[in-house]
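User: Hi! Could you walk me through this one while I have it open?

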Amino acid sequence: MKNINLFLVLTILTSSLASCQTVVNLHNTYPTNTPNTYYKDIGDKLNPYEGTWVLDDGVSYIKIVLVKKVKFPVWQYFEDCIIGGFQYKKNGVEIINTLIDINSNQSDPIHYPISGNWIGDPSRTPFSQYTSDNSYLKLSIRENDCFSDIYVRRLTLNGQIAIQIFKRKPMDLHQVCNPVIPQDFHYLIKQ
């Protein structure tokens, strides 16, 4: 009986030691490949960006769905992040739709059509011409084979919760690609 109790104690102790992790505030450092580290969204700064967001101005239709993933395994570490997908229509014709990809199980957030977790530097914001509240989230978006940055900020627009996005031109990866969502500022309303 003593052997069984000793075995149980050792098993519990070993499993608890194996699961020990260093928890680091995601917003104070950029995730690195430090084994067994959890880059946590302390303060839940990513939460306000979750949801379904739509722009429909009669010509362009953009739908973006953003989901927070908690403790997402990346290589040898874990991180909280936003993943998502999008749909873009022009004059009622669907050009691209990656919304189904949100439900796939990817090994790395970068494999989703939209991903990221970087709360931007307020001194380097693309939104300064619109507001003095320069808090924003920087994400990557993949359109076909093009990777671009999108900057996202929360706001209230005509009494409705909304986001304003700024989509940059594609990253220079020495390849020709055809992005579909226009490079510009866009307002999307929460659904």
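**Chat notes**

User: Let's start with a serine. Which residues does Ser-135 touch, leaving out those up to four places away in sequence?
Analyst: Ser-135 touches Tyr-49 and Arg-153, once residues up to four places away in sequence are left out. Keep in mind that this is a predicted model.

User: Where does Ser-135 lie?
Analyst: Ser-135 is in the loop between β7 (114-119) and β8.

User: What share of the chain is buried?
Analyst: Buried residues account for 40% of the 191 residues. The accessible surface is about 11000 Å², and carbon and sulfur atoms hold 53% of that.

User: What about contacts between residues at least 24 apart?
Analyst: Taking contacts between residues at least 6 apart in sequence, 50% of them join residues at least 24 apart.

User: On to the inside. Which residues touch the most other members of the largest nonpolar core?
Analyst: They are Ile-64, Leu-66, Leu-139, Val-152 and Leu-188, out of 32 residues in that core. At least two residues of this core come from each of β3 (51-56), β4 (60-74), β5 (77-90), β8 (137-143), β9 (146-157) and β10 (160-167). There is also a second, separate core of five residues, with Phe-127, Tyr-136, Phe-166 and Phe-185 among them.

User: Nice. What does Ile-64 touch, not counting residues up to four places away in sequence?
Analyst: Ile-64 touches Gly-51, Thr-52, Trp-53, Gly-85, Phe-86, Ile-114, Ile-165 and Leu-188, with residues up to four places away in sequence not counted.

User: And Ile-62, which strand is that in?
Analyst: Ile-62 lies in β4. Ile-62 is classed as buried because its relative accessible area is 0%, and buried means under 20%. Not counting residues up to four places away in sequence, the contacts of Ile-62 include Trp-53, Val-54, Leu-55, Ile-181 and Leu-188. Ile-62 and Leu-188 are 126 residues apart in sequence, but their C-alpha atoms are 7.7 Å apart in space.

User: Leu-188 keeps turning up. What is its bridge partner?
Analyst: Leu-188, in β11, is the bridge partner of Ile-163. β10 and β11 run antiparallel and are joined by five bridges. Strand β11 (residues 185-190) also runs antiparallel to β3, with two bridges joining them, and there Val-54 stands opposite Ile-189.

User: Changing topic: how big a volume does the largest pocket have?
Analyst: Its volume is about 330 Å³. The pocket has 17 lining residues, and the closest to its centre are Tyr-30, Ser-115, Gly-116, Asn-117 and Ser-140.

User: Which elements give two or more residues to the lining of the largest pocket?
Analyst: Those are β5, β7 and β8. β7 provides the largest share of the lining, four residues.

User: How many bridges join β5 to β7?
Analyst: Three bridges join them, and the strands run antiparallel. Ile-83 has Ser-115 of β7 as its bridge partner. β7 also pairs with β8 in the antiparallel sense, over four bridges, and Ser-115 stands opposite Ser-140 there.

User: Last topic, backbone angles. What is the phi of Asp-44?
Analyst: Asp-44 has a positive phi of about 50°, although it is not a glycine. Asp-44 sits in the loop between β2 (37-40) and β3. Its relative accessible area of 42% is why Asp-44 is called partly exposed.

User: And Asn-158, is it buried or exposed?
Analyst: Asn-158 counts as exposed because its relative accessibility is 76%, and exposed means over 50%. Asn-158 is in the loop between β9 and β10. Asn-158 is not a glycine, yet has a positive phi of about 50°.

How values were computed. Residues are numbered from 1 along each chain as its sequence is written. This is a predicted model: local features need pLDDT of at least 70, side-chain atom pairs count only at pLDDT 80 or more; totals for chains, interfaces and linings use all residues. Side-chain values use heavy atoms; hydrogens and water are left out. A nonpolar core is a set of buried Ala, Val, Leu, Ile, Met, Phe, Trp, Tyr and Cys residues joined through side-chain atoms within 4.5 Å. Buried means under 20% relative accessible area, exposed over 50%, partly exposed in between (1.4 Å probe, protein chains only). Contact means heavy atoms within 4.5 Å. Two strands pair if DSSP finds at least two bridges between them. Accessible areas come from the Shrake-Rupley method with a 1.4 Å probe; for residues, only the protein chains shown count as cover. On a 1 Å grid over the protein atoms alone, a cavity is a set of points where a 1.4 Å probe fits but cannot get out, and a pocket is an open set with protein on both sides within 12 Å along at least five of seven lines; lining residues have an atom within 4 Å of a point. Grid points are joined across faces, edges and corners, and a volume is the space filled by probe spheres set on the points.
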